[in-house]
Amino acid sequence: MKAIRQYTFGEPDVLQIDEVPDPQAGIGQVVVRLHAIGINPVETYIRAGIYPKPPTPFCPGNDGAGIIESIGENVTEVAVGARVYIAGSVSGTYAEKALCDVSNVHHLPERTYFAQGAAINVPYATAYQALFNRGRAEAGEIVLVHGASGGVGIAAVQLARAAGLQVIGTAGTDRGLDLVLSQGANYALDHTKEGYLDKLSKLTAGKGVDLILEMLANVNLGNDLNFLARGGRVVLIGNRGENNQGIVEINPRAVMGRDADILGMTLYNASASQLRSLHAAIVAGLENGTLQPVIGQEFSLDAAADAHRAVIDNRAYGKIVLIP
Ligand code: NAP
């Protein structure tokens with residue numbers, strides 16, 4: 001089969017296509033024939049070598065969607081031919097097939113097409129974990145999704161609206177703002193405009209927002225704190241910057257005066273029971289139509305390097321996926 005492999009770390013061109021043996025399902029494992037593969041920013045950081053480096057050569061990727069091609073011994077949860085989305089794998093997902101533990105695959109409803117299936121795992125699991133398990137979101141609250149036009153942001157808008165929150169989302173282009181509104185946000189703000197958060201006071205009747213999901217903490221955290229309601233929470237999801245440092249200055253008084261919380265999160269820290277529960281909620285949302293992943297751009301498998309450039313360089317519009 002064809003697979004993208006990385007032999008070294010650096011610019012996107014280190015992603016090269018190889019011919020490798022087909023994976024074989026062992027005990028408790030399945031092989032998924034991939035119809036679409038999700039690209040996440042984290043894979044660009046690993047590729048560049050600014051995150052912990054896996055042993056080389058390796059096939060990148062956590063997300064994908066396809067059909068179960070074979071199953072190993074002791075697999076009773078899924079059958080050959082089942083439609084699934086993948087949440088992590090043994091072999092990597094930038095390939096025509098992926099080897100997964102059976103716990104990594106989840107039912108993909110008929111109404112969700114494969115490219116959408118590839119856009120589920122990291123974005124929706126992160127958005128769910130940030131909103132509910134870290135951010136303690138409740139119906140009736142107001143959430144600011146600070147960076148709502150990308151993979152995690154769109155997922156957060158859909159999940160929050162389905163759970164009865166009011167949503168204010170930000171984007172950096174007119175197209176992104178329209179997308180955020182079309183996904184159910186009550187209001188959209190342009191984060192490239194000077195003073196754009198000042199509107200929050202009017203939009204929240206002077207109270208401030210209860211929760212902020214922050215996609216670019218190194219730029220926004222200091223100012224976010226000025227717009228929180230009493231008892232408000234900021235969940236830090238994304239942070240970029242020179243050498244992956246992303247240092248930011250805050251005024252502790254803005255936190256103290258509001259009894260506010262600043263909460264970090266990394267999806268890899270989610271417990272097994274949190275993952276079971278959030279994937280059950282995601283599958284239910286896909287089945288009832290409240291969750292509908294948005295695909296911004298599709299690339300062929302051998303154009304993985306271009307897909308990585310697009311994730312980092314382009315303004316976001318939903319998810320970028322590879323089609324093998
Ligand atoms: P993405 O699809 O590339 O989207 C990036 C988002 O950030 C877009 O909505 C973009 O808006 C927005 N953005 C750009 N400039 C901004 C600004 N000044 N203020 C606020 N938002 C801004 O990426 P993603 O997959 O949604 O991931 C978002 C971030 O979360 C990334 O840094 C990623 O590494 C991180 N992440 C973390 C975890 C975790 O476990 N902690 C999990 C998944 C992702 P425009 O392009 O419209 O300007």
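Helix α3, which spans residues 121-134, is mostly covered in this predicted model, since 11 of its 14 residues are buried (under 20% relative accessible area, with a 1.4 Å probe and protein chains only). The buried residues include Asn-121, Tyr-124, Ala-125 and Tyr-128. Helices here are DSSP runs of H or I with at least four residues, numbered from the N terminus. Residues are numbered from 1 along each chain as its sequence is written. Local features need pLDDT of at least 70 and side-chain atom pairs count only at pLDDT 80 or more, whereas totals for chains, interfaces and linings use all residues, and side-chain values use heavy atoms, with hydrogens and water left out.

The axes of α3 and α9 (residues 272-288) come within 10 Å and cross at roughly 110 degrees, the axes being lines fitted to C-alpha atoms over the stretch in contact, with angles from 0 to 180 degrees between N-to-C directions. At this angle α3 is roughly perpendicular to α9 (65 to 115 degrees). Contact, meaning heavy atoms within 4.5 Å, involves Asn-121, Tyr-124, Ala-125, Tyr-128, Gln-129 and Asn-133 of α3, and Gln-274, Leu-278, His-279, Ala-281 and Ile-282 of α9.

Just after α3, Arg-136 takes a positive phi of about 55 degrees.

Terms used
Buried < 20%, exposed > 50% of the residue type's maximum accessible area, 1.4 Å probe, protein only. Helix = DSSP H or I, 4+ residues; strand = E, 2+ residues; numbered from the N terminus. Parallel < 35°, antiparallel > 145°, perpendicular 65-115°, else oblique.
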